[in-house]
Amino acid sequence: VVCVKMAGASGNRTLVPSFDLHLKHNILEGLAVVGKYDGTHPILTCAASGCKVFMHNRHAQRDKTTFLTNAIQYLNINRPVTAMAVGAPNVNSSHDALFVGMGTNLMAYDVERNRDLFYRDVQDGVGGMVFGRIGYRPIPLIIAGGNCSVQGFDYSGHESYWTVTGDNASALTRIDVNRDGENELVVGTDDFVIRIFQIDDVVAETVETDRVVDLC
C-alpha cells in the first residue's frame, strides 16, 4: 500500500508518497476505504485474502488513547468480502462505522466499541456500496447495489430505500449532478450503463463500451 498526498503550488501539483505499508496479504481490488472510527483519526481499512479485513492506524504508536493498541488490527469476517464502505450512520455522532458486504449479507460494525450495529440478509446481493444522504432524505443510508436493484438501509438496518436497475449494480457513488444542493445516486451496472437517480427516478443515463467497475 502506498498512501500519497498532493504537494506543490496550485496548478502544478504532484502526488508525493506519504508512507508505505507492506503487508503479508493481497488487498482485494476496489476494497479499500478510510474511516474515522474514533471520530478523529483516519484509518485505512482494506479487505484481504483469506476472508479478512485489516485496519492500519498510523497514529497508534504515538497516541496511546486510541482504541487500537497496535498499528494493524485484523477482523476475521469468515466470508468473502464483496463490498465495503464507511460513514457515520448516527446523525448525532461523528464516529464512522464500517459496512461490509459479504455476498447476500450486510454487516454494520462499530469498530471503536468492537460490536455489530446490525447484520442482515440482502436477497439481491451486495456487489457495491456507498454511504450518505441522497435527495431530500435527512437520514444517511448505506446503499447496496445488487442483482437488478439498489437498496438503502438506515443505522438500525431497516430498509428505507429500494429501486430497480437494469442489471447487477456493482459501482455506486453520490454527486450533486444538477447543483441543487442535493446528491443524486449514480449507479453503474454490468450491462454497460451508468444511470443517475433522483430518489426513484432515472433522470439521465449513458451507455459505455464495457462493464462499469467503479465510480467516484
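Colleague: Which residues line the second largest pocket?

Modeller: This is a predicted model, in which local features need pLDDT of at least 70 and side-chain atom pairs count only at pLDDT 80 or more, while totals for chains, interfaces and linings use all residues. Residues are numbered from 1 along each chain as its sequence is written, and side-chain values use heavy atoms, with hydrogens and water left out. A pocket is an open set of points on a 1 Å grid over the protein atoms alone, where a 1.4 Å probe fits, with protein on both sides within 12 Å along at least five of seven lines; lining residues have an atom within 4 Å of a point. By this criterion the lining consists of Pro89, Asn90, Ser93, His95, Asp96, Ala97, Asp110, Arg113, Arg115, Leu117 and Tyr155.

Colleague: What is the volume of the second largest pocket, and how many of its lining residues are charged?

Modeller: A volume is the space filled by probe spheres set on the points, which are joined across faces, edges and corners; for this pocket it is about 190 Å³. Asp, Glu, Lys and Arg count as charged, Ala, Val, Leu, Ile, Met, Phe, Trp, Tyr, Cys and Pro as nonpolar, and the others, Gly among them, as polar. The lining has four nonpolar and three polar residues, and the charged ones number four.

Colleague: Which residue is the bridge partner of Asp110 in β10?

Modeller: Strands are DSSP runs (E, at least two residues) numbered from the N terminus, and two of them pair if DSSP finds at least two bridges between them. Strands β9 (residues 105-110) and β10 (residues 115-121) pair in the antiparallel sense over six bridges. They form a hairpin with four residues between them, and Asn114 in the turn has a positive phi of about 55 degrees. The partner of Asp110 is Arg115.

Colleague: Which strand supplies the largest share of the lining of the largest pocket?

Modeller: The largest pocket has a volume of about 680 Å³. Of its 25 lining residues, the closest to the centre are Gly30, Leu31, Ser170, Val213 and Asp214. β3 (27-35), β7 (83-87), β11 (128-132) and β15 (169-175) each supply at least two lining residues. The largest share, six residues, comes from β3.

Colleague: Which strands are the edges of the open sheet of four strands?

Modeller: The order is β15-β16-β17-β18, with antiparallel pairing. Each edge strand pairs on one side only; these are β15 and β18.
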